[in-house]
Amino acid sequence: MIVKNPKFEISAVSEKQYPKGKLPEIVLVGKSNVGKSSFVNTMLNRKSLARTSNTPGKTRQINFYNIDEKFYFVDLPGYGFSKMSKQEKVISGKYIEEYLNKRENISLIILVLDIRHNPTEDDFLMFDYILKTNLPFIVLTNKADKIAVTKVDTEVERIKKSLGISYSTILPFSAERKIYIDEVWNEVEKYLKL
Ligand code: GTP
Ligand code: MG
């Protein structure tokens, strides 16, 4: 995919603010600090279009990135951030749920996990939630640069087993090292009827 002019469009906190129109949406979900915003930057080859931070809880709203008027990357707030106040957790949980429940434009959900770890309790809850929506999804295991290249396949298999998904797509990724981008674009493009 050749991306020419990706733009940040809006940070939404409610349905009313979501972009109008029918462009397909590719949505990033995952725990805080796993690299959802970094994924957006890496895929678009931009350094800081999406704001990232090594302090978890950077993305607090629903950020829509308009990709050449063809589709949106939708960067959701992360979950499972222990330092968030109870109220903040409830609020960001509400944003995520409202978006996933009501938005008709969703073409693909990308669940981002950390390749080094087993999915957390929150990841399992989110995964069940995704299954219940019946929307298409893939799983990305990010931060592959943190492990030896020779271990990548084994770790991906381990996560696949723990989620109990034999037929679904699960791919490694590294937003940091910018590897596996072509594989992920190939997959994403399948869900964009461009
Ligand atoms: P929230 O906005 O809090 O939900 O987090 P996020 O999922 O958007 O994470 P973000 O992209 O802000 O990245 C969090 C931290 O992880 C940053 O310090 C990134 O530089 C780092 N990071 C992201 N992807 C990778 C990766 O593939 N490898 C390594 N080593 N670090 C990464
Ligand atoms: Mg973020």
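Which residues have the most contacts inside the largest nonpolar core?

**View 1. The largest nonpolar core of this predicted model.** Val-29, Ile-62, Leu-76, Tyr-99, Leu-100 and Leu-111 are the ones with the most contacts, in a core of 32 residues. Strands S2 (25-30), S3, S4 (71-75), S5 and S6 each give it two or more residues, and so do helices H2 (86-102), H3 and H4. There's also a second, separate core, this one of 26 residues, with Val-34, Phe-73, Ile-138 and Leu-171 among them.

**View 2. Zooming in on Leu-100.** Setting aside neighbours within four places in sequence, Leu-100 touches Val-29, Leu-76, Ile-106, Ile-109, Met-126, Tyr-129, Thr-133 and Leu-135.

**View 3. The magnesium ion (ligand 2) and its protein donors.** Ser-37 (OG) and Thr-59 (OG1) coordinate the ion at 2.0 to 2.2 Å. Ser-37 belongs to helix H1 (residues 36-44) and Thr-59 to the loop between H1 and strand S3 (62-67), so the pair ties together parts 22 residues apart in sequence. Both Ser-37 and Thr-59 are buried.

**View 4. Helix H4 (residues 152-163) and its two faces.** Twelve residues make up H4, which reaches 17 Å from first C-alpha to last, close to the expected 16 Å. Val-152, Glu-155, Val-156, Ile-159, Lys-160 and Leu-163 are buried. Just past the helix, Gly-164 takes a positive phi of about 70°.

Terms used. Residues are numbered from 1 along each chain as its sequence is written. Chains are lettered from A and ligands numbered from 1 in the order in which they are written. This is a predicted model: local features need pLDDT of at least 70, side-chain atom pairs count only at pLDDT 80 or more; totals for chains, interfaces and linings use all residues. Side-chain values use heavy atoms; hydrogens and water are left out. Helices (H or I, at least four residues) and strands (E, at least two) are DSSP runs, numbered from the N terminus. The expected span of a helix is 1.5 Å times one less than its number of residues. Buried means under 20% relative accessible area, exposed over 50%, partly exposed in between (1.4 Å probe, protein chains only). Donors are N, O and S atoms within 2.8 Å of the metal (3.2 Å for Na, K and Ca); water is not among the atoms, so sites may look incomplete. A nonpolar core is a set of buried Ala, Val, Leu, Ile, Met, Phe, Trp, Tyr and Cys residues joined through side-chain atoms within 4.5 Å. Contact means heavy atoms within 4.5 Å.
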